[in-house]
Structures are given as C-alpha cells and as structure tokens.
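How do you get from coordinates to words such as strand, pocket or contact? Below, each term is set against its rule.

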Amino acid sequence: MPVVPLLYKLTAFAYRDYLSFGYVHVGLRGAGEMRRQYNVNVYVPSILIFKEHINKPADVIQARGMKKQVIDDFITQNKYLLAARLTSQKFFHELCPVKRSHRQRKYCVVLLTPEATKLSKPFEAFLSFALANTQDTVRFVHVYSNRQQEFANTLLPDSDMFQGKSAVSILERRTTGGRVVYKTLEAPWTGSESDKFTLLGYLDQLRRDPALLSSEAVLPDLTDELAPIFLLRWVYSASDYISDCWDSIFHNNWREMMPLLSLVFSALFILFGTVIVQAFSDSNDERESNPPDKEEAHEKAGKTEPSFTKENSSKIPKKGFVEVTELTDVTYTSNLVRLRPGHMNVVLILSNSTKTSLLQKFALEVYTFTGSSCLHFSFLSLDKHREWLEYLLEFAQDAAPIPNQYDKHFMERDYTGYVLALNGHKKYFCLFKPQKAVEEEEAMGSCSDLDSSLHLGESRGKSSCGLGPRPIKGKLSKLSLWMERLLEGSLQRFYIPSWPELD
C-alpha cells in the first residue's frame, strides 16, 4: 500500500527504544531491485529484520492478514542483535537476567574489546561464532572496555597481557546486586580457530558442569553511554514545559479555557476561606478564660503519672483474635513490597499437612503482640512457594546452605515452622528457626536420621518415627521470646537488594 498501515506505526512506536523501522511501497519505481535482492513476494505483506549483516535478513515473516499478536511475537524474538553491545545497566539486566532457580540458568558470553577494534578480526570472529552457536541458555554480548573500565577490570585478571587487546569471559548473574560467577579465557581473544575451539569446549563443559565458573565477583553498574548530561536534560524538560504553556495560553480558545480557570479560582477561594475561618477560630480560643485552679492541679497530677501506662496500653491486644492472612501473589505487593515504613510482616512457613496445628500455636505465641499496629501476621505455603523461600534464605549468613540441584534432599528439606519478620521498606528480614521442644525429643527418641550439621529443629529426609501434633507445635515454643527480641531490635538483620517475585 502507498500509506503506512496504522498497526505498523503502533509497533514501531512501542519498540522505538530497541529497533529502527522503515517502510517500502513495492509499487514505486526503484523498489524492484530490493524485491529481487531479498526475494520478496509483492502480493503478500512482508516484514524483514536485519541485524549485523545487511546483505541477508536475520528473520522474515509473510502473511496476508498480519495480526498484532503475530507482529509482537516476531519483533520480541528478534529484539536484540546477535552480539549486542551493553550500553547501560538496563540492557545488562535484560540481556543477562538473574538466575531464578537451578533449572533456569542463563549464561552471558562477553567480549571485552577496545572501541577502535570493533570491525577488526576479533569482533568479526566473535560475531560468526555467535551466529553458529545460538542457544536459549547462552547470550552473546560485547562491551567497549575503554568506556566501561570498571566493568572490564573486574572480569580481567591482574596482568598486562590484556592491555589493548580483546578478551572473552563467560558469566552468570546470581543476584540483582551485581554478584556473578565467571570464567575468563586465559589468553586474549584473537579470533583464531584455536580460540573458537577453546570457547566451544568451555560451553560444552558448562552444560554438564556448572561449577566451571569458579571465579566470583561483584560487578559495578554500567555507565549509561547514551544518556545526555544533566544540563541538557534540564534544558529539554524546561523547553518542553514552556512550549506547552505557551500553546495552552495563546493558541487555545479562551472559551475552552473557562472550565480550567473556574476550577483554579474555586480552589483558591476555598483555600483562602479555610485560612480566614481558621484565623477567627484561633482568636476566639485565645479569648476564652483560663481553666480553674482545680483543673490545673488535676492536669499537673495527670502529667506526673508514670509514662509506662500508655506504653503498656499499646501492648494490650485490640482484638480477641489474631488476624493471619495468606501471603500469595495477590497480597504480596500490599503486604510486603509496598509495606509502609516502620511496619513489619511476620510470616509463618507451613505446609498443607501442618497448617492447622502450626497456625493454632502461632496464634497463641503472637497474641500478646497484636496490640501493635505496626505488626502484620501472615503465613506462606511451602508447597507453593519453596523457591521463593530458598532464594531469600541465601542471604541469611547463619542459615543452612540451600541444596543445589544435585542434592538428593533438595525437595525433602523441612522448612515448616520457620518464621520470617520482613521489613518491606528497608528490605531486610529476621529469621526464626524452630526449636526442638521436650515433647519432640521424647517422641524422636530412637530416630537416627537427624542431620547433626543442621540447627536445632531441622532434619533431612523423612523420619521413620511418626511425629504427632504436639512435636509439630513444639517447633514454635520459643517464638514469643524471639518476638520480644524483635521488638527490642536486638535480632540479626539480613539485607537483600530487592524482593523477588512470588510466582
């Protein structure tokens, strides 16, 4: 068609930060050479995506009735170059996402190259290697080492052999705070066949043994190379604001401006009216006579009363029950991520089999602390959100190590009875581990499959001795003492960079 379709314009606007868009009307003179070069069917709408090489499209889609969902899926699959350049921390997060679980590993092969040698043999060889080894779990990127010096120096070993040369590093992000595990090729990257063979061998070994990435570091944030300086951003914003005000005042019809002007004058009238009424009320209060001497003596006596009565009254429970809500993906944002400053959410970890008994014991232990409006109580299902809990426990210094995917006890570790006090605003939590009560010790008497390396109350595997409801409730026997230390602020705090998603 001679006119650009509206659907294609909307797609170009949605992905303007990632791709450049063009349009060709095949009926124009001069378009025949392009049709023959790229073998385009003139009777069907076609979309071609080009990446590093312009002589051949990276992907093509042709359809008579092209729908929006089809175009979005096609663009999303080809959103980045084969070896995209990391120009900001935002692109680094998108191209190299954080590992969410042991079965969702994402590796990044990073080429650290000087800017002047991008079109040289090392970069071309790296690009051809990326084209021949496209995988879902591996992403190829490159960085200008002279523009991102701190980032490059963290990955390169302390030697002068990489000065002014290119290097290749394989990394995996572990946390959003910048912690990565990586391995850098020992020799500089020249693009030779031996270098390609060495890199291919590392990638094949990485599929079988993730422990190949033996080095660990904390990467600094990438500098935003495309962001304008602060002065230019301020000038752009000020000019846009001034132009909008100029257009609205001098180019709009005054009759259309009347509703806005009436709204502004109404607000000013209400504001000044409130100030005047408040001023008259204050003057009337000052004219009133002072209270009698008896009332003054009564007020003084009231001030001399001990101050702890007000504090003690705040600890009295306001309700006759404990309100405990389940922490799900629906209530996750309001109960934790956007929790008001000074408020904490005390979360009990339980399973479907121990839900009733643990909730009853939990309510009894925390009932005396429900008078504080800054404490909220919730419970989390271990059967639904085990990965979220294990990700959080990785930040606890004295917590039991989280088993990897080769641990035979990975799905058998018992976290029931754990209690976490989560501060959503300051991004830290305090951890309570269940204590083994006397009833549990008597019930566990002859059990021999407790793991002595764990803390009190933890066990690997499934015990051959049947634990009744009393030993399960005994896990929370020391919770009230832990709650008192929580209010005192004497518990150890474990900080995290950001709250993970609760899928």
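Helices of at least four residues and strands of at least two are DSSP runs, numbered from the N terminus. The model is predicted.

Q: Where does Asp 383 lie, between E11 and H14?
A: Asp 383 sits in the loop that links E11 and H14. E11 covers residues 375–381, and H14 covers residues 386–393.

Q: Which residues is Asp 383 in contact with, leaving aside its neighbours within four places in sequence?
A: Contact needs heavy atoms within 4.5 Å. Asp 383 is in contact with Ser 351 and Asn 352, once those sequence neighbours are set aside.

Q: How far apart are Asp 383 and Ile 349 in sequence and in space?
A: They are 34 residues apart in sequence. From C-alpha to C-alpha, the gap in space is 9.9 Å.

Q: What makes E9 and E11 a pair?
A: Two strands pair if DSSP finds at least two bridges between them. E9 and E11 have 3 bridges, so they count as a pair. The sense is parallel. Glu 326 has Phe 379 in E11 as its bridge partner.

Q: Why are E9 and E14 called edge strands?
A: Their sheet is open, with 6 strands in the order E9-E11-E10-E12-E13-E14 and mixed pairing. Strand E9 (324–326) and strand E14 (494–495) each pair on one side only.

Q: Which strands does helix H14 lie across?
A: H14 lies across E10, E11, E12 and E13. Its direction is at about 70° to E12. Helix H17 (residues 479–488) also packs on the sheet, touching E10, E11, E12 and E13. H17 makes about 155° with the direction of E13.

Q: What is the order of the open sheet that holds E3?
A: The order is E3-E5-E4-E6-E7-E8, again 6 strands with mixed pairing.

Q: Which strands does helix H5 touch?
A: H5 (residues 121–132) touches E4, E5 and E6, at about 165° to the direction of E5. Helix H7 (residues 193–208) lies across E4, E5, E6 and E7, at about 15° to E6.

Q: How many residues line the largest pocket?
A: The lining has 49 residues; Tyr 8, Phe 21, Gly 22, Ile 47 and Leu 48 lie nearest the centre. The pocket's volume is about 1600 Å³.

Q: How many residues of this lining are nonpolar, polar and charged?
A: There are 32 nonpolar, 8 polar and 9 charged residues. Gly counts as polar.

Q: Which domains supply the lining of the largest pocket?
A: Domain 1 (6–78) and domain 2 (84–218) each give at least three residues.

Key
Residues numbered from 1 in each chain as written. Predicted model: local features only at pLDDT ≥ 70, side-chain atom pairs only at ≥ 80, totals over all residues. Heavy atoms only, no water. 1 Å grid on protein atoms, 1.4 Å probe; cavity = no way out; pocket = protein on both sides within 12 Å on 5 of 7 lines; lining within 4 Å. Points joined across faces, edges and corners; volume = space filled by probe spheres on them. Domains from an automatic or database assignment. Axes fitted to C-alpha atoms, helices over the stretch in contact; angles between N-to-C directions.
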